[in-house]
Amino acid sequence: MPPQLRDLLAFSDGFEDLTGQWECAWSCRRLATENTQAWQSTTLPRALLAFGDDGAGTCFCVHTDPNDHRVARWSWIGQDSEATYTDLPTFWHAWLHTQAEPG
């Protein structure tokens, strides 16, 4: 797990979008459960670790390779990456900015 994600989870154990009422960053318990199920059913490559979602079926993932800091938006339906960001801070900035934009 990348240090930035580990630090976030140690600080907050995930967080929820109060308007949309979904977990943008999952709790440690949910992170373990979701990834174990997804890896066992092969709906998520073991090279990815899901840590949250957009409330509409796309999850946020970090790479399990400790040298790969990219963040991917993974589509459960398409079984593919929808977008990739260079690292976790870049992802959060882009994601939270687009969520704050009016209609």
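Biologist: In this predicted model, what makes Trp 92 count as buried?

Modeller: Its relative accessibility is 13%. Buried means under 20%, so Trp 92 counts as buried.

Biologist: Why is Phe 15 called partly exposed?

Modeller: The relative accessible area of Phe 15 is 30%. That value lies between the cut-offs of 20% for buried and 50% for exposed, so Phe 15 is partly exposed.

Biologist: How many aromatic pairs are there?

Modeller: The count comes to ten aromatic pairs. Phe 15 and Trp 92 have ring centres 5.1 Å apart, with their planes at 50°.

Biologist: Why is the pair of Phe 15 and Trp 92 called tilted?

Modeller: Stacked needs planes under 30 degrees apart and edge-to-face needs over 60. The planes here are at 50°, so the pair is tilted. Phe 15 belongs to strand β1 and Trp 92 to helix α3, so the pair ties together parts 77 residues apart in sequence.

Biologist: What makes the pair of Phe 51 and Phe 91 edge-to-face?

Modeller: The planes of Phe 51 and Phe 91 are at 90°, and over 60 degrees counts as edge-to-face. The ring centres are 6.1 Å apart, and the limit for a pair is 6.5 Å. Phe 51 lies in strand β3 and Phe 91 in helix α3, so this pair links parts that are 40 residues apart in sequence.

Biologist: Are Phe 51 and Phe 91 buried or exposed?

Modeller: Phe 51 is buried, at 0% relative accessibility. Phe 91 is buried as well, with a relative accessible area of 0%. One aromatic cluster includes Phe 15, Phe 51, Phe 91 and Trp 92.

Biologist: How do you know that the span of helix α2 agrees with its number of residues?

Modeller: Helix α2 has 13 residues, which at 1.5 Å a residue should span 18 Å. Its end C-alpha atoms are 18 Å apart, so the two agree.

Biologist: Which residues of α2 are buried, and what puts them on the same side?

Modeller: Leu 31, Asn 35 and Ala 38 are the buried residues of α2. They cover an arc of only 70° around the axis, so they are on the same side of α2. These buried residues pack against α1 and β3. Arg 29 and Gln 40 are exposed, on the face of α2 turned away from its buried side.

How values were computed: Residues are numbered from 1 along each chain as its sequence is written. This is a predicted model: local features need pLDDT of at least 70, side-chain atom pairs count only at pLDDT 80 or more; totals for chains, interfaces and linings use all residues. Side-chain values use heavy atoms; hydrogens and water are left out. Helices (H or I, at least four residues) and strands (E, at least two) are DSSP runs, numbered from the N terminus. The expected span of a helix is 1.5 Å times one less than its number of residues. Buried means under 20% relative accessible area, exposed over 50%, partly exposed in between (1.4 Å probe, protein chains only). The arc is that of the directions from the helix axis to the C-beta atoms. Contact means heavy atoms within 4.5 Å. Rings of Phe, Tyr and Trp (its six-membered ring) pair if their centres lie within 6.5 Å; planes under 30 degrees apart count as stacked, over 60 as edge-to-face and the rest as tilted.
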